[in-house]
Amino acid sequence: MSVLKSLESKIAGLVEGTFSRAFRSEVRPVEIARKLAREMEEHRTVSVSRTYVPNEYTVYLSPADTRRFGDYEEALREELAGYLLEHARRERLALLSRPRVEFRTDEHLELGVFGIQTRLVRPAEDPQAEPSQGDAGNTMIYKAQREPEPLEQHIPQQLRQALVIFTGKRMVVGRGGAVLGRSRDCDIVVSDENVSRRHAEISPTADGWSISDLGSTNGVTVDGRRVRTSCALQGGERIELGTAELRFELE
């Protein structure tokens, strides 16, 4: 299990298990976690060599939701901050400091409605950091689902969207699979001199997905293990084509 999936399970278990007696409102922490990650993705700042994302997040709750979260607010803030930290690491997004999540009450919000505002803030001890301190962005308003979507959906792998992530780019693998290589004729082009023109192929199987070596010069490894013919993919694997590093994900 990947680090992010492990953390997602931890949040889901902690919040929906131990905290479930306290959280009777329509807003669930799992929903907040998903929307925080979405806001992180939506507010990227690209510099010369890095892609920075906000490090401060303010979650606005209705008075009723605030009262229900009250006793567990500090623990929840830490869990959500850790979730965002791992999400940024997974997606190779740069942070100027550990994410900070703060809860505030908005008298105008109804039960089950919450808002998220992000901000990219330069730490006081790091005046040479590349991005300048930004103003707070617009507050995005979300309405809780009647039955919140779990962080780990139990969807057959072959029905989930497959992605290959390379140098920060997220490339979709078609339902029929994809050939990876240096050639422009490949479905997913991996521009690296150590990658063969037609290096590997990701294919759908009865149980999910697999990757095969197409007779490449420098080989294929999955999570550090050399692929001789083919290897099953579950999502979250680190794939190396020669010296090029990619990641396979399922959404």
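Good morning. I begin with residue E91, which is buried, with a relative accessible area of 9%. That value falls under the 20% limit for a buried residue. Please keep in mind that this is a predicted model.

What does E91 pair with? E91 forms a salt bridge with R170, and their closest N and O atoms are 2.8 Å apart. E91 sits in the loop between α4 and β4, whereas R170 belongs to strand β8, so this pair ties together parts that are 79 residues apart in sequence.

How many salt bridges does a search of the whole structure find? The search finds 9. Another of these joins the side chains of E249 and R90, at 2.5 Å from N to O. E249 lies in strand β17, residues 244–250, and R90 in helix α4, residues 73–90, so the pair ties together parts that are 159 residues apart in sequence. Are these two residues buried or exposed? Both E249 and R90 are buried.

E240 counts as partly exposed, at 22% relative accessibility. R238 is partly exposed as well, with a relative accessible area of 25%.

Thank you for your attention.

Key
Residues are numbered from 1 along each chain as its sequence is written. This is a predicted model: local features need pLDDT of at least 70, side-chain atom pairs count only at pLDDT 80 or more; totals for chains, interfaces and linings use all residues. Side-chain values use heavy atoms; hydrogens and water are left out. A salt bridge is a side-chain nitrogen of Lys or Arg within 4 Å of a carboxyl oxygen of Asp or Glu. Helices (H or I, at least four residues) and strands (E, at least two) are DSSP runs, numbered from the N terminus. Buried means under 20% relative accessible area, exposed over 50%, partly exposed in between (1.4 Å probe, protein chains only).
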